[in-house]
Amino acid sequence: MAVFLAFPILGFGWILQLSLIRQINLLHGSADLILLILISWTLHHRVKHVWQWAILACVLAIYISASPFGSLGLSYLVITGCTVFFRSRFWKLEAVTILISTLVGTFISHIFMILGQSFSGANIPLDTALIQITLPSMFLNLLLVIPFYALISSLADWTYPQELGI
Amino acid sequence: MTPTITLLRKIVTSVVIIGIIILAAGGYFSFISNKIVEPAINLQTWISTRYLAVKDLFSGQKDVEMLRQTNLELENEVTSLQNNIIDLKNQLAEVHILSALLNFARGKPGNQYLAATVIGKDPNPFMQYIIIDRGTDDGIQTGMPVVTQKGLVGRINAVIANASRVQLITDPNTDINVVIKPSNTEAILSGSITGNIGLDFIPQDAIIQLNNLILTSGLGGGYPEDIMIGQITGIHKKDVELFQSATVQPIVDFNNIKIVLVIMNFKPLDITPLIPPELP
């Protein structure tokens, strides 16, 4: 059930990302809805099917985005791994984990995209990329992660109902 | 009583009654009728007012509910009409854009154009791509140039059945052969991650000035020639360097593209077989 739920959630997330979120820019950066969905889903303590969601997000990213070498999709897999690690380390500090995962996730995603672009021959000035794109994107992601975490948490609670101990 | 007296009595009574009626009709008894009728009217008014007040007390709630219902219906109608106004304004703006594109298409009758609406942007913020709502079902192929009535937008990079991805000229992986007018100097236009475009490989002896126009040169076969791109806004020339460079203001507003034209009858050339292999 949780795996099947990934298709409409991530599908709708991609539609919103392409048509709406990418039109809202701060300097030249924008939020990443799929990143926020993956982080929120992974951080929920009862969620089990984390990697299935990550693989689906990766496949969709490779299909939809023009990122060279599938860099955007691959970054989602790495970010999921990092988030799983943070969940195991900071399981009592939920708010801190959310923020750290978002910051690190945005950074990893942009590193992958910059490397992909560089290997394809584009000239990417790192200082411009950091100031104009990465930092504004990080700010927007931090702004949106809390409401998205609440939303995805509710979904996860519904998908994985708490077992009552007798 | 004799019949004569009875008859006389009847006649007198009738005359008196008729006389009273005539006098009353003539208004001679009005002061008497006013005195009698006025209190009756006052009493009736008093009773009627109280009755209406009691009636309003019980039917007022129903009237208030009816007024609220009517108010709600009118508010809904106003909202619906406002939505219609917004839709109509959007359609009007679209008509203006399409009209401008049509005029552009009529100005270049040699090309075949297909209009497409921009429906999204690539999720990678380091790349400048847009997604349009036309695909292979409409005859679009990879490599077709995309323009607006103002100038060059980019090129089709990937296609599926009913959508395509367009690589904008502002993308950092874009390199376009251009010509600077009026000096007819050739250069290479390239994009950047911030969406700015610039010219490179301008010969040092080339004479270029601010506000010179940049058009596609057609070299390399990637784009048709003579499509407007922009104007030079800054020139960087150093004697110690091999080439000049320049910054360009694109003529198309890439932050506000809504409808584009795909040039359907242009086939990009693949000149890689003509490029000689590198010598070992």
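Analyst: Let's start with the largest pocket, which has 30 lining residues; B:Lys121, B:Gln128, B:Asp253, B:Phe254 and B:Asn255 are the ones nearest its centre. This is a predicted model, in which local features need pLDDT of at least 70 and side-chain atom pairs count only at pLDDT 80 or more, while totals for chains, interfaces and linings use all residues. Residues are numbered from 1 along each chain as its sequence is written, chains are lettered from A and ligands numbered from 1 in the order in which they are written, and side-chain values use heavy atoms, with hydrogens and water left out.

The largest pocket has a volume of about 610 Å³. Strand 1 of chain B gives the most, with 4 residues. By class, the lining of the largest pocket holds 13 nonpolar, 13 polar and 4 charged residues.

On a 1 Å grid over the protein atoms alone, a pocket is an open set of points with protein on both sides within 12 Å along at least five of seven lines, a cavity is a set where a 1.4 Å probe fits but cannot get out, and lining residues have an atom within 4 Å of a point. Points are joined across faces, edges and corners, and a volume is the space filled by probe spheres set on them. Helices (H or I, at least four residues) and strands (E, at least two) are DSSP runs, numbered from the N terminus. Ala, Val, Leu, Ile, Met, Phe, Trp, Tyr, Cys and Pro count as nonpolar, Asp, Glu, Lys and Arg as charged, and the others, Gly among them, as polar.

The second largest pocket has a volume of about 330 Å³. It is lined by 13 residues, and A:Tyr63, A:Ile64, B:Ile131, B:Ile160 and B:Ala163 are the closest to its centre. Helix 1 (2-19) and helix 3 (50-64) of chain A, along with strand 4 (152-159) and strand 5 (164-168) of chain B, each supply at least two residues of this lining. Helix 1 of chain A has the largest share, 3 residues. The lining of the second largest pocket divides into 10 nonpolar, 2 polar and 1 charged residues.

The structure holds 1 cavity of 30 Å³ or more. The largest cavity contains about 60 Å³ of space. Among the residues that line it are A:Gln17, A:Asp32, A:His110 and A:Asn141 of chain A, together with B:Pro123 and B:Pro125. Helix 5 and helix 6 of chain A are the elements giving two or more residues to this lining. Helix 5 of chain A gives the most, with 4 residues. In the lining of the largest cavity, 4 residues are nonpolar, 7 polar and 1 charged.

Helix 5 (94-119) and helix 6 (126-159) of chain A each supply at least two residues of a nonpolar patch. The patch consists of A:Phe69, A:Phe107, A:Ile111, A:Leu115, A:Phe119, A:Leu130, A:Ile131 and A:Leu135, with about 810 Å² of accessible area together. Patch residues have over 30% relative accessible area and no salt bridge; like charges are joined within 9 Å, and nonpolar side chains (Val, Leu, Ile, Met, Phe, Trp, Tyr) within 5 Å. Helix 5 of chain A gives the most to the patch, with 4 residues. One residue of that helix, A:Leu115, counts as partly exposed because its relative accessibility is 44% (buried means under 20% relative accessible area, exposed over 50%, partly exposed in between, with a 1.4 Å probe and protein chains only).

With 35% relative accessibility, A:Asp157 is partly exposed.

Methods:
Areas by Shrake-Rupley, 256 points an atom, 1.4 Å probe, with all protein chains shown as cover. Salt bridge = Lys/Arg side-chain N within 4 Å of Asp/Glu carboxyl O.
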